[in-house]
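Here is a walk through one protein model. Keep the view open and follow along.

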Amino acid sequence: MVHVGIGYDVHQLVAGRKLVLGGVEIPHTKGLDGHSDADALMHAICDAVLGALGEEDIGHYFPNTDPRWKGVPSKIFLEEAAKQVAKRGGKIVNVDATLIAQAPKIYPYIAEMKKCIAAALNVTEKQIGVKATTNETMGFVGREEGIAAMAVASINLPE
Ligand code: MG
């Protein structure tokens with residue numbers, strides 16, 4: 001049976017941090033603030049996968065109070081989510097995600113992001129969708145105070 005999950009994440013843009021999205025480091029004047037590498041795209045995907053399993057969210061598996069996850073690359077969160085899928089005899093059908101960022105331009109990095117996400121989830125790049133949009137200068141995303149991401153995942157489970 002196919003199960004669907006949804007995920008959403010947002011992090012603040014601050015000076016002095018690297019900008020990492022979909023596992024790709026993107027040159028920019030600011031980066032996302034957070035306990036891990038603050039990769040909002042991977043976090044949203046992680047929650048979508050966990051949600052399709054009916055599992056608790058990323059914060060349950062990787063609390064931001066745990067020093068083990070400080071500064072870690074978020075691909076380890078996706079790898080754990082994929083492990084949870086495998087544990088239940090499930091198979092990821094596909095993942096689709098949208099980044100909402102006013103700046104920088106995301107498009108040139110999308111192919112590489114798909115590669116990183118697919119590798120972390122142990123699926124092919126064809127199973128991963130990544131799109132990006134601006135927020136038409138409106139709201140906190142439009143003012144470049146943060147970057148948001150949303151994702152859905154569908155997973156084929158034995159029951
Ligand atoms: Mg997050």
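**Pocket, sheet and helices**

The largest pocket holds about 230 Å³ of space. This is a predicted model. Rolling a probe the size of a water molecule over the atoms shows where empty space is left.

The lining of the largest pocket is made of 13 residues. Nearest its centre lie H11, S36, H43, F62 and N64. Two elements, β1 (2-14) and α2 (58-61), each give two or more residues to the lining. By type, the lining of the largest pocket divides into five nonpolar, seven polar and one charged.

Strand β1 leads on to the sheet. Strands of a sheet pair through backbone hydrogen bonds, either parallel or antiparallel. Here, five strands form an open sheet with mixed pairing. Read across, the order is β4-β1-β7-β5-β6. Which strands lie at the edges? The edge strands are β4 (31-32) and β6 (128-133), and each pairs on one side only.

Now step through the pairs. Strands β1 and β4 run antiparallel, joined by two bridges. At this pairing, L13 stands opposite L32 in β4. Next comes β7, residues 146-156. Eleven bridges tie β1 to β7, and these two strands are antiparallel. I6 has V152 in β7 as its bridge partner.

Strand β5 covers residues 91-100. β5 and β6 run parallel, with six bridges between them.

How do α3 and α4 cross? Helix α3 spans residues 75-87, and helix α4 spans residues 110-121. Their axes come within 7 Å and cross at roughly 45°. That angle makes α3 oblique to α4. On the α3 side, the contact uses K75, L78, E79 and A82. On the α4 side, I117, A120 and L121 meet them. The residues of this contact divide into five nonpolar, no polar and two charged.

Strand β1 gives residues to the pocket lining and pairs with both β7 and β4.

Technical notes
Residues numbered from 1 in each chain as written. Predicted model: local features only at pLDDT ≥ 70, side-chain atom pairs only at ≥ 80, totals over all residues. Heavy atoms only, no water. Axes fitted to C-alpha atoms, helices over the stretch in contact; angles between N-to-C directions. Helix = DSSP H or I, 4+ residues; strand = E, 2+ residues; numbered from the N terminus. Parallel < 35°, antiparallel > 145°, perpendicular 65-115°, else oblique. Contact = heavy atoms within 4.5 Å. Nonpolar A, V, L, I, M, F, W, Y, C, P; charged D, E, K, R; others polar. 1 Å grid on protein atoms, 1.4 Å probe; cavity = no way out; pocket = protein on both sides within 12 Å on 5 of 7 lines; lining within 4 Å. Points joined across faces, edges and corners; volume = space filled by probe spheres on them. Pairing = 2+ DSSP bridges.
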